[in-house]
Amino acid sequence: MVAVNDVPGCLGCDLRAGRRELPGGVIRETDHWVVQHVLGPLNLGTLIVAPRLHVVSAADLSVDAAEELGQVLRDASRMLEALCEPEQVYVCQWSHGESARKHLHFVVQPVTADVVRAFDGRRSEQLQAAMMLTDYEAPREEVEAFCERARRWFRADAGQGGR
Ligand SMILES: [Zn+2]
């Protein structure tokens with residue numbers, strides 16, 4: 001399937017095109033992927049890794065985008081390991097809308113002991129389901145500060161040839 005470049009009304013496309021504000025701004029961009037902080041009720045530090053193009057299934061990714069994906073997910077996870085000291089970093093992908101598939105997006109989530117404790121010891125999909133039922137939103141200034149730290153980490157990592 002040929003990817004459509006920009007779909008107004010799609011959250012992923014609206015963020016890319018600047019039609020919707022992204023608190024904290026873009027953390028990292030590669031040829032095919034954009035890394036940003038999540039919007040909505042997941043904990044501070046949770047990232048979204050989305051393709052630049054409006055692609056709604058991993059099956060529809062270009063070969064180049066698919067090859068780059070592993071490195072992008074690994075690097076995002078390494079950054080979260082360094083900054084958040086999580087018990088585990090989750091990487092998952094749902095992108096399942098009610099009426100249609102949504103713009104593909106991987107959630108890369110640093111789950112700390114504090115997060116697990118706050119949700120009565122839940123883990124994995126049970127933890128995410130419980131979090132999604134809340135109306136929590138990380139404070140904007142904390143998101144902005146986190147995104148700045150994340151960008152600094154990537155700059156330092158690149159400076160050290162950290163691949
Ligand atoms: Zn889109």
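Q: Why does the arrangement of the 4 donor atoms around the zinc ion count as tetrahedral?
A: Ideal angles at a metal are 109.5 degrees for four tetrahedral donors. Here the 4 donor atoms subtend angles of 102 to 115° around the zinc ion, so the arrangement is tetrahedral (four donors count as such if all angles lie between 85 and 135 degrees). This is a predicted model, in which local features need pLDDT of at least 70 and side-chain atom pairs pLDDT 80 or more, while totals for chains, interfaces and linings use all residues. Residues are numbered from 1 along each chain as its sequence is written, and side-chain values use heavy atoms, without hydrogens and water.

Q: Which protein atoms are the donors of the zinc ion?
A: Donors are N, O and S atoms within 2.8 Å of the metal (3.2 Å for Na, K and Ca); water is not among the atoms, so sites may look incomplete. Cys10 (SG), Cys13 (SG), His54 (ND1) and His103 (ND1) lie 2.0 to 2.3 Å from the zinc ion. Their spacing along the chain is C-x2-C-x40-H-x48-H.

Q: Is Cys13 buried or exposed?
A: Buried means under 20% relative accessible area, exposed over 50%, and partly exposed in between (1.4 Å probe, protein chains only). Cys13 has a relative accessible area of 1%, so Cys13 is buried. Cys10 also counts as buried, at 11% relative accessibility.

Terms used: Tetrahedral: all angles 85-135°; square planar, octahedral: opposite > 155°, others 65-115°.
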